[in-house]
Amino acid sequence: MNLIIGSHVSYKNSTQLLGSVEQAISYNSNAFMFYTGAPQNTNRSSIDDNLTSEAYKLMRENNINLENVIVHAPYIVNLANTSNFDFSVSFLIEEVKRCHKLGVKYLVLHPGSAVNSPKKEAINLIAKGLNLILNNNYDVTILLETMAGKGREVGSSFEELRDIISLVKNKDKIGVCLDTCHLNDAGYSIEKIDDILNEFDEMIGIDKIKCVHVNDSKNDLGSHKDRHENIGFGTIGFSNLLRVIYHQKLEKVPKILETPYVTKDDNSKERLYPPYKHEIEMIRNKEFNEKLISNIRESN
Ligand code: FE
Ligand code: FE
Ligand code: ZN
């Protein structure tokens, strides 16, 4: 099976897509995801087409297909918040344009958090926002991410995602990004991935899945926490994650790691070393390496 795998990578204004591609290649990835700026703010700079075409060249040389490149919208954008709805919509309209300019087809979005309204109203508001954002001719699809259900998060059940999607007019431009940590924390046991995919297929349609975030979880099934863990070191476990990664029905879908950077030592809190090269190697080998964390520390 042809594995499409990569990780979250950085995007710096000085190197833009080219820098992101270089980083992805250094992890032996053939897919990657990035924020077009800082994830926690909405300051964005303009795109340099020269850097983009250099990035394309490097991608061709390394067999990275643009279909497997994903942008993640900043997590402070919240379509379910009535008090800054207009700002979120206009930011996301610009974000879609940036994706289009970069040639990126998929934009992952956290559906929203119902901070000041009942869930049902939040769902209506999210759909209203999506209809305003998707009213364009760009070939950019928004992927609603499955959420852990922390606080008032919308989208921690397939029912909620179905309800949002049912209200979206431009069905061709809406899809879903599964996140294994979030699914676990929302109460979907990854061990039963076949059942999960069947349920998803009946409710939404399996062809709507365009990206999978592969993360282990620090917390138990149904904890509604959302804390990612390195592959094989959490409550989901290596073999269950492998079954998702190598699932036949997800073969054409890019798998993106968003696992935490590794600290210098067990007592340190500062996360310094990206784990992705080592995790991807372990996934390709299909064998759990219990020394992964110490190997990462040693290689830095
Ligand atoms: Fe996310
Ligand atoms: Fe995620
Ligand atoms: Zn998460």
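Which residue bridges the iron ion (ligand 1) and the iron ion (ligand 2), and how far apart do the two ions lie?

Analyst: The model is a predicted one. Glu145 bridges the iron ion (ligand 1) and the iron ion (ligand 2), and the two ions lie 3.2 Å apart.

Glu145 is one of three residues that coordinate the iron ion (ligand 1): His72 and His110 each give NE2, Glu145 gives OE, and the distances are 2.1 to 2.3 Å. Along the chain these donors follow the spacing H-x37-H-x34-E. His72 belongs to strand β3 and Glu145 to strand β6, so that pair links parts of the chain 73 residues apart. Buried here stands for under 20% relative accessible area. His72 is buried, with a relative accessible area of 1%, and Glu145 also counts as buried, at 1% relative accessibility.

A zinc ion (ligand 3) is placed 5.5 Å from the iron ion (ligand 1). The protein donors of the zinc ion are His182 (NE2), Asp226 (OD) and His228 (NE2), at 1.9 to 2.2 Å from it. Their spacing along the chain is H-x43-D-x1-H. Because His182 lies in helix α6 (residues 180-186) and His228 in strand β11 (residues 228-229), the pair ties together parts that are 46 residues apart in sequence. Both of these histidines, His182 and His228, are buried.

The strands come next. A closed barrel of eight strands runs β1-β2-β3-β4-β6-β8-β9-β12, with parallel pairing. From one strand to the next, the twist averages 30 degrees. Strands β3 and β6, which carry His72 and Glu145, are both in that series.

Two of the pairings can be followed at residue level. Strand β8 (residues 174-179) and strand β9 (residues 209-214) run parallel and are joined by four bridges. Leu178 stands opposite Val212 in β9. Strands β1 and β2 also run parallel, joined by three bridges, and His8 has Met33 in β2 as its bridge partner. In a regular strand the side chains alternate between the two faces of the sheet. In β2, Ala31 and Met33 point one way, Phe32 and Phe34 point the other way, and all are buried. Phe32 and Phe34 also belong, with Tyr11, to a cluster linked by ring pairs.

Ile256 shows how the ends of the strand series come together. This residue is found in strand β12 and is buried, with a relative accessible area of 0%. Beyond its neighbours within four places in sequence, Ile256 is in contact with Gly6, Ser7, His8, Ala31, Phe32, Met33, Ile70, Cys211, Val212, His213 and Val214. The C-alpha atoms of Ile256 and Cys211 are separated by 7.5 Å, although the two residues are 45 residues apart along the chain.

Helix α3 (residues 85-102) packs on it and touches β2 (31-34), β3 (69-72), β4 (106-109) and β6 (141-145), with a direction that makes about 145 degrees with that of β4. Helix α9 (residues 276-285) lies across β1 (5-8) and β12 (255-257), running at about 155 degrees to β1.

Helix α8 (residues 238-245) is largely enclosed by the rest of the structure, because six of its eight residues are buried. The buried residues are Phe238, Asn240, Leu241, Leu242, Val244 and Ile245. They pack against α6, α7, β9, β10 (216-217), β12 and α9.

Phe158 and Tyr188 form a stacked aromatic pair, 4.5 Å centre to centre with 25 degrees between the planes. Phe158 is in helix α5 (residues 158-167) and Tyr188 in the loop between α6 and α7 (193-203), so the pair links parts 30 residues apart. Phe158 counts as buried at 1% relative accessibility, and Tyr188 counts as buried at 11%.

Notes
Residues are numbered from 1 along each chain as its sequence is written. Chains are lettered from A and ligands numbered from 1 in the order in which they are written. This is a predicted model: local features need pLDDT of at least 70, side-chain atom pairs count only at pLDDT 80 or more; totals for chains, interfaces and linings use all residues. Side-chain values use heavy atoms; hydrogens and water are left out. Donors are N, O and S atoms within 2.8 Å of the metal (3.2 Å for Na, K and Ca); water is not among the atoms, so sites may look incomplete. Helices (H or I, at least four residues) and strands (E, at least two) are DSSP runs, numbered from the N terminus. Buried means under 20% relative accessible area, exposed over 50%, partly exposed in between (1.4 Å probe, protein chains only). Rings of Phe, Tyr and Trp (its six-membered ring) pair if their centres lie within 6.5 Å; planes under 30 degrees apart count as stacked, over 60 as edge-to-face and the rest as tilted. Two strands pair if DSSP finds at least two bridges between them. Axes are lines fitted to C-alpha atoms, for helices over the stretch in contact, and angles run from 0 to 180 degrees between N-to-C directions. Contact means heavy atoms within 4.5 Å.
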